[in-house]
Amino acid sequence: MTRASGGAAVFLRGTARENAEVLGVPRWIVAVAAVGALFIVLPIVGMTARVDWANFGALVTSPSAIAALLLSLRTATASTALCLLLGVPMAVVLARSRFRGQRFVRAFVLLPLVLPPVVGGIALLSTFGRRGLLGQTFEVLGIQIAFSTTAVALAQAFVALPFLVLSVEATLRASGARYEAVAATLGAAPNTVFWRVTLPLVVPGLVSGAVLAFARALGEFGATLTFAGSLEGVTRTLPLEIYLQRETDPDAAVALALVLVVVAVVVMVATHRPRGLS
Amino acid sequence: MSTRRHPARRHPARRYVLASLAVLAVAALTTACAGPAGAGASASASAAASAASTGAASRAPETLTVFAAASLKKTFTELATEFEAANPGVTVALNFAGSADLVTQITEGAPADVFASADTKNMAKLTDAGLVADAPTVFATNTLEIAVPPGNPAGVTSFADLANPATKVVICAAQVPCGTATTTIEKATGVTLTPVSEENAVTDVLGKVSSGEADAGLVYVTDIAGAGTSVLGIPFPESGSAVNSYPIGVVATSPHRDLGTLFADFVTGPTGQKVLAATGFGTP
């Protein structure tokens, strides 16, 4: 829509085909798109209208609010790092190799996208919890995950991982395997190909995937509440703080919600490039 | 041939698009109005709302919409069935959520006829807003009890045991009714708890205990009674210092105020009291 309005700029920058596509959008599609945009924007506007601006500063700088925001930023960063570490190899395997049951594997990888987060929380609890599959092992090693900040990061990584895998895999598929094949024929070992060819190729997808994963982690609520609990400075992230404040102080909840929206929008706008999604 | 069929086809399609647009627009507006209410809660509220509107369409079979605190789920579901049996033609639509959530929904215009709160504080919010028809009546009380996983792995026997730093204790956050009660007991006994988690709802505390993640939790007597064998209850004498009162009131804006009063009387009457006592609630 912004493209359609800035016609001159598009004409100078875009190719002829691109312009034809933009001009060719039927009006009713634009109308429905506008309703769609309103559908998303209007509730945010509605919420903003409720903000108690006179006390906004005090509400968002209370010790519990600051603790929650810092914890959210810290855990979302940690979980994004974990997603990158695990997600890139997963995407490479899914995009570049063929094996039996690949479709099922992909379906499972994407499962956290469609699972209600609380189900994710229960699944994590029955795996990493005290009485979970791996709980005993961790207990022997002296690691306690339940009710710790680690649990928060794990819950966030669980729900955010598919975003990164999807994004990187799509970029890999779009870029094709030609460069990698050429590098291999020129004698590059698989390791060299990965570091020098594959990885640089997927940087756009990597960035947009990481941004989406970060934003998803920032908004994580259900799995955290179920798996990690809620304690100020340890496990009570911004969404949990909003949920709690709403009980007694709706003004604080709305103010914090706005902070969360602003942080998410800033992160997305600053780093997200739709081109990377292909 | 195909050019002839097109216009005929187009009209229903366009109507369909317009209809879905209207639905979307309404959805967008109602979402904006619902504001900070939880997604799950507002979904059940809209379910209740649609139930209420279908009832309002035809006058004779009346639908009474009751908003009740989450801890009343079992008792009020049973009472609703009995009330329907006693009053033919009446349907009771129930919406359960945290008391604070329900107050938010009602002040935002959710079509509630009767509100039953888990504490007097939340009922007071509604009374102060002028949304309760008559003075609310307290119909039940509830006290806290220690819940431990079966087998009591941490060997908890008293409230003072909960202060042991090696014991993983989960309580309600001070912002919710069960947390307020917990704080009251802490003050009365001088025992300061160092919980590993402060949950939003008493059901979350119960879940952490029954799953064995926590060694102990503070929940209501009725929660333990309703949890069966998944948790073990340890009563403690200090719980008497924090008794939660459950008030019920008819919403002032309700079009079914007479029926609402009838339901409130039913809850405070012999049948209601019998059902409530059976699940562990105390008498007011």
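Here are a few notes on this predicted model, starting with chain A and moving on to chain B.

1. Let's begin with the fold of chain A. You'll find 17 helices and 0 strands there. Of the 278 residues in the chain, 36% count as buried.

2. The contacts inside chain A are worth a look too. Take those with a separation of 6 or more: 77% of them come from residues 24 or more positions apart.

3. Next, the place where the two chains touch. Chain A brings 29 residues into contact with 28 residues of chain B. On the chain A side, at least two residues each come from helix H4 (27–49), helix H16 (238–248) and helix H17 (250–271). Which of the helices gives the most? That's H4(A), with 8 residues.

4. What is that side of chain A made of? Its residues split into 18 nonpolar, 6 polar and 5 charged.

5. Over in chain B, have a look at its own helix H4, which runs through residues 99–107.

6. To find the buried residues of H4(B) in the model, go along the helix from B:Ser99, B:Ala100 and B:Asp101 through B:Leu102, B:Val103 and B:Thr104 to B:Gln105 and B:Ile106. Just after H4(B) comes B:Gly109, where phi is positive, at about 100°.

Note on methods
Residues are numbered from 1 along each chain as its sequence is written. Chains are lettered from A and ligands numbered from 1 in the order in which they are written. This is a predicted model: local features need pLDDT of at least 70, side-chain atom pairs count only at pLDDT 80 or more; totals for chains, interfaces and linings use all residues. A residue is buried if 20 or more other C-beta atoms lie within 10 Å of its own, exposed if 12 or fewer, and partly exposed in between; C-beta atoms are placed from the backbone. Helices (H or I, at least four residues) and strands (E, at least two) are DSSP runs, numbered from the N terminus. Two residues are in contact if their C-beta atoms, placed from the backbone, lie within 7 Å. Ala, Val, Leu, Ile, Met, Phe, Trp, Tyr, Cys and Pro count as nonpolar, Asp, Glu, Lys and Arg as charged, and the others, Gly among them, as polar.
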